[in-house]
Amino acid sequence: MAKPFVNDRGFIKCPCRRCLNNASHQLEDLESHIFRNGFMFGYNQWIHHGEPATANAGTTVAGPSGGIHERDEMFDVLDDIISEDADEDAVGGPSSNDQYDDLFAALRSELYPGVSSFSSLNFLVKLMHLKVLNKWTNKSFDELLKLLKLAFPKIDLVESHYEAKKLMTKMGLGYSSIHVCKNDCALFWKENSLKDTCPVCSESRWKLQSGKRSGKNVPYKVLRYFPVGPRLKRLFATSKTAKLMRWHSTGKSKDNDVMRHPVDGKSWQDLINDTLNFPVT
């Protein structure tokens with residue numbers, strides 16, 4: 001019954017107790033998931049597998065202890081991430097999402113007993129977003145978490161910015177830290193990655209105390225490199241943004257004599273032709 005409802009990548013939502021219809025897998029993986037984890041509670045109408053929804057078939061999922069909370073927007077985010085990874089690892093046996101266990105645990109956990117509008121993960125993501133928008137320091141973020149823990153003892157939240165960052169890293173889109181010469185001469189990268197002094201000006205890579213290197217190596221400068229490739233892949237893997245990413249190809253004017261957007265112009269096409277072989281990693 002469910003076979004006709006796989007998506008264009010051959011994946012379908014998994015109704016096991018762990019995935020809760022929030023992660024998608026290939027059909028051959030569903031049986032092992034359900035056998036290993038059991039079938040989710042409360043999924044009586046198979047609205048994700050071909051059965052028509054009725055008025056009382058709400059979009060709810062079972063919580064870790066059998067409770068029901070409203071669908072969280074982070075479900076779609078994790079679904080896109082897991083589907084993206086599964087596309088890369090489709091060859092072989094049943095896929096494993098063990099690396100996402102902590103994320104799913106935070107997603108299924110209520111932020112506070114009786115609060116169903118926020119999962120612990122959703123609240124944490126929004127807090128981290130506010131931190132970036134308002135340029136909070138790590139210390140101020142830690143103090144805010146301590147205050148929330150003090151005011152709401154039963155709140156399910158991480159203890160520090162370090163723990164929050166560690167959890168967010170599992171969602172992908174991280175960055176690489178590359179040490180830089182204090183005079184901006186060179187990067188300690190690739191062939192220079194193991195050097196202790198700049199190959200151009202011979203300045204020390206590490207901060208010195210009284211002319212000597214301290215016990216812990218602390219670089220003078222750090223460049224944070226955010227790779228473009230994984231971010232483009234995420235934009236195309238996420239259903240809400242994939243359509244927008246393809247618009248410049250699918251949304252062109254059908255009338256060759258009408259230019260309603262730069263994409264319809266010759267300069268745009270020249271740019272496309274010049275960058276067809278541009279490597280994105």
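This is a predicted model: local features need pLDDT of at least 70, side-chain atom pairs count only at pLDDT 80 or more; totals for chains, interfaces and linings use all residues.
## Overall make-up

The protein contains ten helices and nine strands. Of its 281 residues, 33% count as buried.

## The largest nonpolar core

The largest nonpolar core is made of 29 residues. Within this core, L121, L124 and L157 are the residues with the most contacts. Helices α2 (74-88), α3 (101-108), α4 (120-134), α5 (138-151) and α6 each supply at least two residues of the core. The most comes from α4, which gives five residues.

Leaving aside neighbours within four places in sequence, L121 is in contact with M74, L78, L103, A106, L107, L167 and M168.

## H161 in helix α6

H161 belongs to helix α6, which covers residues 161-169. The relative accessible area of H161 is 10%, so this residue counts as buried, the cut-off being under 20%.

Once neighbours within four places in sequence are left aside, the contacts of H161 are M128, K131, N138, F141, D142 and L145.

## A nonpolar patch on the surface

Four residues, V228, L232, L235 and F236, form a nonpolar patch on the surface. Together they have about 310 Å² of accessible area.

V228, one of the patch residues, lies in helix α7, which covers residues 228-237. Its relative accessible area is 47%, and V228 is therefore classed as partly exposed, because that value falls between the limits of 20% and 50%.

## K254 in a loop

K254 is placed in the loop between α9 (247-250) and α10 (266-274). With a relative accessible area of 78%, K254 is exposed, because the cut-off for that class is over 50%.

K254 and D264 are ten residues apart in sequence. In space, the C-alpha to C-alpha distance between K254 and D264 is 9.3 Å.

## Summary of the single residues

H161 is buried at 10% relative accessible area, V228 is partly exposed at 47%, and K254 is exposed at 78%. H161 sits in helix α6, V228 in helix α7, and K254 in the loop between α9 and α10.

Definitions and conventions. Residues are numbered from 1 along each chain as its sequence is written. Side-chain values use heavy atoms; hydrogens and water are left out. Helices (H or I, at least four residues) and strands (E, at least two) are DSSP runs, numbered from the N terminus. Buried means under 20% relative accessible area, exposed over 50%, partly exposed in between (1.4 Å probe, protein chains only). Contact means heavy atoms within 4.5 Å. Patches are made of residues with over 30% relative accessible area and no salt bridge: like charges are joined within 9 Å, nonpolar side chains (Val, Leu, Ile, Met, Phe, Trp, Tyr) within 5 Å. Accessible areas come from the Shrake-Rupley method with a 1.4 Å probe; for residues, only the protein chains shown count as cover. A salt bridge is a side-chain nitrogen of Lys or Arg within 4 Å of a carboxyl oxygen of Asp or Glu. A nonpolar core is a set of buried Ala, Val, Leu, Ile, Met, Phe, Trp, Tyr and Cys residues joined through side-chain atoms within 4.5 Å.
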